[in-house]
Amino acid sequence: MITPKTLKLSIKSLREFAKKRLPDEELIALDERDECPLETVRQMCSPDKLGIQLLFIPEEYGGFGGGAFDVYCVCEEMARIDLGVATAVLATFLGSDPITVGATPGQKKLWLSRIADEGILFAYGATEPDAGSDLGALQTTADRVMDGDRIVGYRINGSKQWISNGGIADAYTVLANTPGGPSWFVVERGASGFAQGKPENKHGIRLSNTAALSFTDVLVDPDRLIGGVEGQGLLQAQAVFGYTRLMVAAFGLGAGWSALDRAIPYSTKRIQAGAPLSEKQGYTHKLIVPHVVRLEAARAYIEETAERIDSGAEGSLNTEGAIAKYMATEAGNAAAEAGIQALGGYGYTHEYMVEKISRDVRITCIYEGTSEIMEMTISRDRWQLHLKTRGEYYHDRAREMETLHAKHPNVGAGLAAAAMHTLAGVMESARTGRLTRHQHILLRLGEWMAYAECAGALARRAVRIAEGKLPEKANRRFDAASLAAVARIFAREAALRVAQEGSRWVIGAGGKMPPLDFTALYATQADLLADMDSVADALYGRVGQALSPAHQLAHA
Ligand SMILES: Cc1cc2nc3c(=O)[nH]c(=O)nc-3n(C[C@H](O)[C@H](O)[C@H](O)COP(=O)(O)OP(=O)(O)OC[C@H]3O[C@@H](n4cnc5c(N)ncnc54)[C@H](O)[C@@H]3O)c2cc1C
């Protein structure tokens with residue numbers, strides 16, 4: 001495990017490296033030329049230069065053995081620099097994941113040591129032209145090559161699509177159907193019959209190389225079958241989702257904040273109607289504060305999940321990874337879009353970067369599982385828990401929040417409890433009306449579950465920061481009082497969203513109105529504006545000198 005000091009130093013080196021090698025003008029030029037800066041990517045992964053991939057590799061194979069929390073911190077930082085370059089580094093990590101979870105000790109030693117010592121780049125080849133979200137539809141095959149009754153190799157045929165690092169990697173993990181089922185293979189660049197397509201012309205992450213792969217009778221040795229047993233591929237892919245989706249969640253977080261960190265200082269200098277935009281409540285409370293709040297809700301969930309992974313929690317935390325990814329990438333995407341609006345006409349030009357960030361972050365809602373697949377993953381799992389506990393799952397979570405609220409009444413835990421009780425009621429209406437037979441209801445439930453759970457995570461985080469119990473590595477952009485205000489704003493949104501949208505869709509699908517007290521739910525919105533004012537003040541460093549409503553009006 002990496003110490004907080006080492007992590008801090010690594011992030012500092014990463015920032016300095018990026019400042020020198022990837023200043024804004026260079027990023028804009030590369031984006032316009034649609035070019036992957038291969039040499040820079042290689043230097044980032046080279047053990048003699050930046051060696052960022054060493055953080056991800058276990059110590060026994062020459063790396064630093066970073067945990068999920070370290071990886072989240074580094075991924076957020078990389079995304080703040082450039083999501084295309086971050087994707088290139090991530091691809092090596094994703095590509096080596098089937099090895100990390102499923103390979104034999106010999107295979108691990110060979111490939112992970114090569115990543116650590118030589119800085120080789122990997123690509124992760126799962127998606128195919130007809131197999132995207134549904135990898136079960138995989139058509140690439142790996143047929144056994146026999147010598148008598150002994151397997152002496154595999155012959156791979158088929159194609160892969162949208163593969164990050166596809167055109168530049170040194171080695172590829174490739175998912176293919178064997179007689180025993182889907183399995184991962186390592187294929188090296190240069191293998192006979194293996195060809196890489198030209199880079200795709202993409203909407204965003206244009207600094208990332210994305211290419212198709214084709215395999216025509218590509219012969220590999222049997223020891224290239226990861227784990228040495230056929231049919232483990234989908235299980236191996238599933239086993240790392242909690243972890244890998246957390247990385248993409250951190251990308252959404254980093255990119256979203258990167259846009260806001262450009263919009264916030266811009267708004268202090270841009271004078272319109274006699275005052276800086278930062279002093280206009282209609283500006284900050286639409287274009288800045290709500291995005292900050294949603295990003296920080298996602299951060300709370302990411303950090304909790306990372307801590308659980310690092311403490312050896314049972315299971316793959318697949319659902320938690322999905323919640324983190326869904327919330328952070330949707331929030332990152334919305335924040336970047338608001339970033340363009342916040343800069344007005346300047347935001348719409350290349351020079352001010354927010355439009356590039358907005359194009360780049362869009363991919364995070366698509367790769368490593370689309371937002372809709374995340375909604376489905378979340379909903380299916382929590383629905384089972386609802387049934388198993390006879391409808392008590394979210395009531396139980398709500399009761400935990402009520403206990404927290406009794407001790408810490410200012411962190412929004414009571415509001416989070418309201419969101420969770422409401423969700424339990426909506427789910428029960430969906431059960432009695434058998435509404436999850438409608439896929440739309442199932443997926444919408446996934447969204448409300450994610451909101452309710454993030455409200456809980458953010459309330460807990462606000463308590464931990466107040467009690468000085470946040471891990472040393474955790475992000476500390478807000479002090480305890482401001483984070484409590486952030487938590488209250490988000491929990492209000494979660495409670496109302498679940499109630500309004502939940503009853504809308506339950507009734508819309510022919511179910512019975514859930515038992516909700518809307519008067520009480522609307523009452524939870526009291527002080528919303530005051531909390532938003534205080535978050536805006538914290539963001540603009542004017543804590544303790546909040547602008548009076550009269551001042552606001554004067555500058556409207
Ligand atoms: C730039 C880029 C880089 C990528 N890098 C990699 C990589 O390195 N390795 C790799 O293997 N793949 C990679 N991908 C592929 C990526 O993971 C897939 O694009 C993604 O999983 C979605 O698959 P798809 O494109 O086939 O869309 P589809 O699965 O066809 O989905 C299309 C739409 O339908 C929705 N949808 C799909 N199934 C359902 C359903 N059952 N119910 C309701 N809605 C549904 C989706 O949410 C989406 O909105 C990359 C893609 C891009 C664009």
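In the predicted model, a polar side-chain atom of Glu372 is placed 2.6 Å from an oxygen atom of the ligand. When the ligand is taken alone it exposes 970 Å², of which the protein buries 67%.

The surroundings of the ligand comprise 20 residues, and the closest of these are Tyr124, Thr127, Ser133, Thr370 and Glu372. Sorted by class, this shell consists of ten nonpolar, seven polar and three charged residues. With regard to secondary structure, strand β3, spanning residues 150-164, and helix α13, spanning residues 371-388, each contribute at least two residues to the shell. The space that the ligand takes up is the largest pocket.

A pair of aromatic rings is described by the distance of the centres and the angle of the planes. The count for the model comes to 13 aromatic pairs. One of them is formed by Phe194 and Phe215, whose rings are separated by 4.8 Å from centre to centre, with 5° between the planes; this pair is classed as stacked, because planes under 30 degrees apart count as such. The pair links distant parts of the chain, given that Phe194 belongs to strand β6 (residues 194-196) and Phe215 to strand β7 (residues 210-220), the two residues being 21 residues apart.

Terms used. Residues are numbered from 1 along each chain as its sequence is written. This is a predicted model: local features need pLDDT of at least 70, side-chain atom pairs count only at pLDDT 80 or more; totals for chains, interfaces and linings use all residues. Side-chain values use heavy atoms; hydrogens and water are left out. A residue is near a molecule or strand if one of its heavy atoms lies within 4 Å of it. A polar contact is a pair of N or O atoms within 3.5 Å; within protein, one must be able to donate a hydrogen and the other to accept it, and residues adjacent in sequence count only if both atoms are side-chain atoms. Accessible areas come from the Shrake-Rupley method with a 1.4 Å probe; for residues, only the protein chains shown count as cover. On a 1 Å grid over the protein atoms alone, a cavity is a set of points where a 1.4 Å probe fits but cannot get out, and a pocket is an open set with protein on both sides within 12 Å along at least five of seven lines; lining residues have an atom within 4 Å of a point. A molecule sits in a cavity or pocket if more than half of its atoms lie within 2 Å of its grid points. Helices (H or I, at least four residues) and strands (E, at least two) are DSSP runs, numbered from the N terminus. Ala, Val, Leu, Ile, Met, Phe, Trp, Tyr, Cys and Pro count as nonpolar, Asp, Glu, Lys and Arg as charged, and the others, Gly among them, as polar. Rings of Phe, Tyr and Trp (its six-membered ring) pair if their centres lie within 6.5 Å; planes under 30 degrees apart count as stacked, over 60 as edge-to-face and the rest as tilted.
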